[in-house]
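Welcome, and please have your viewer ready. Could you walk me through the aromatic rings of this structure, telling me what to select next and what is there?

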Amino acid sequence: MINFHDQDGLIWYDGALQPWRDVKLHVLSHGLHYASCVFEGERVYDGRVFKVTDHSQRLIDSAKWLGFKIPYSLAEIEKATREAVAAGGHKDAYVRPVAWRGSEQMGVSAQQTKIHLAIAAWEWPSYFSPEARLKGIRLAWADWRRPPGSAAPVHAKAAGLYMICTLSKHAAETKGFDDALMLDWRGQLAETTGANVFLVMKGALHTPTPDCFLDGITRRAVIALAKARGIAVVERAIGPDELAKADEVFVTGTAAEVTPVGEIDGRRFTVGPIARQLMDDFTALTRAPAPVTTAA
Ligand code: PMP
């Protein structure tokens, strides 16, 4: 098991690269106590961060949802991300930018706290095991539901929203499953604890409208890949009973990439041609060589 505080290397922290083991926050940080914390998950393929601008913009937007402003511009965040990746010499890695309120105030009100930003990168090849990805992962139903937009800042990638994800994932793992599938507050299909979900029905993709959960950057990329292949994509409210009519199910996310689902609480699915096609297309997209720019 990796001990994340005890690594060689450098972390970009509040404006400069610093030794990995020295980057610490105080125990009385507001982000820790009151979840005033937002983060990103990004992937490095062949040394390049996939969709770094989309992720960096989402980090800024997530902070805005939580009422704070990250004290760096989009361009500065992108540059800092590249520096953190380059410092580790990473070719295939995961990147974790995180922004939080500091320790200047301890209480619900935190208007005067300093906003911190850290960006760490590390080698992390696959979220689900290669065997699970080939056969399809096994999902259990979560006991927790995604809240409505009137109850939480649901479009932010905010630490507080992951409380029910960790609880759901632990419960699923305890029962021997890989992950949990969550319904939303209305009882409609939402997402897993860290990925969006797609159903294949009669050759078309159906995926829940992301009105109370993250509209994943991978989700959007996979929708574009499907459309480029002439596959119809329908974003709509999907009831859990509709899984009975699905020919294939798969999930998408930065960590999960495109991962087929083999079972949802006893209901089996085969890894089918559309999931396979989109897995290949996603690999081609993420590994695509950078466009060659020639001097005019
Ligand atoms: N939903 C949740 C809860 C997630 O944590 C993630 C991973 N960031 C996703 C969906 C997928 O988002 P993305 O494709 O942008 O990684």
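Here is a short tour of the aromatic side chains in this predicted model.

**Stop one: Phe-4 and Trp-122.** Select these two residues and show their side chains. Their rings form an edge-to-face pair, with 4.9 Å from centre to centre and 65 degrees between the planes. Now colour the chain by position: Phe-4 is in the segment before strand E1 (10-13), while Trp-122 belongs to strand E7 (residues 115-122), so the pair ties together parts that are 118 residues apart in sequence. Phe-4 is partly exposed, at 42% relative accessibility, whereas Trp-122 is buried, with a relative accessible area of 15%.

**Stop two: Trp-12 and Tyr-72.** Move on to this edge-to-face pair, where the ring centres are 5.2 Å apart and the planes make an angle of 75 degrees. Trp-12 sits in strand E1 and Tyr-72 in the loop between helix H2 (52-65) and helix H3 (74-88), so this pair ties together parts that are 60 residues apart in sequence. Is Trp-12 buried or exposed? Trp-12 is buried, because its relative accessible area of 5% falls under the 20% cut-off.

**Last stop: a charge over a ring.** Finally, select Arg-138 and Phe-177. Arg-138 lies over the face of the Phe-177 ring, 4.4 Å from the ring centre.

Note on methods
Residues are numbered from 1 along each chain as its sequence is written. This is a predicted model: local features need pLDDT of at least 70, side-chain atom pairs count only at pLDDT 80 or more; totals for chains, interfaces and linings use all residues. Side-chain values use heavy atoms; hydrogens and water are left out. Rings of Phe, Tyr and Trp (its six-membered ring) pair if their centres lie within 6.5 Å; planes under 30 degrees apart count as stacked, over 60 as edge-to-face and the rest as tilted. Helices (H or I, at least four residues) and strands (E, at least two) are DSSP runs, numbered from the N terminus. Buried means under 20% relative accessible area, exposed over 50%, partly exposed in between (1.4 Å probe, protein chains only). A charge sits over a ring if NZ of Lys or CZ of Arg is within 6 Å of the ring centre and within 35 degrees of the ring normal.
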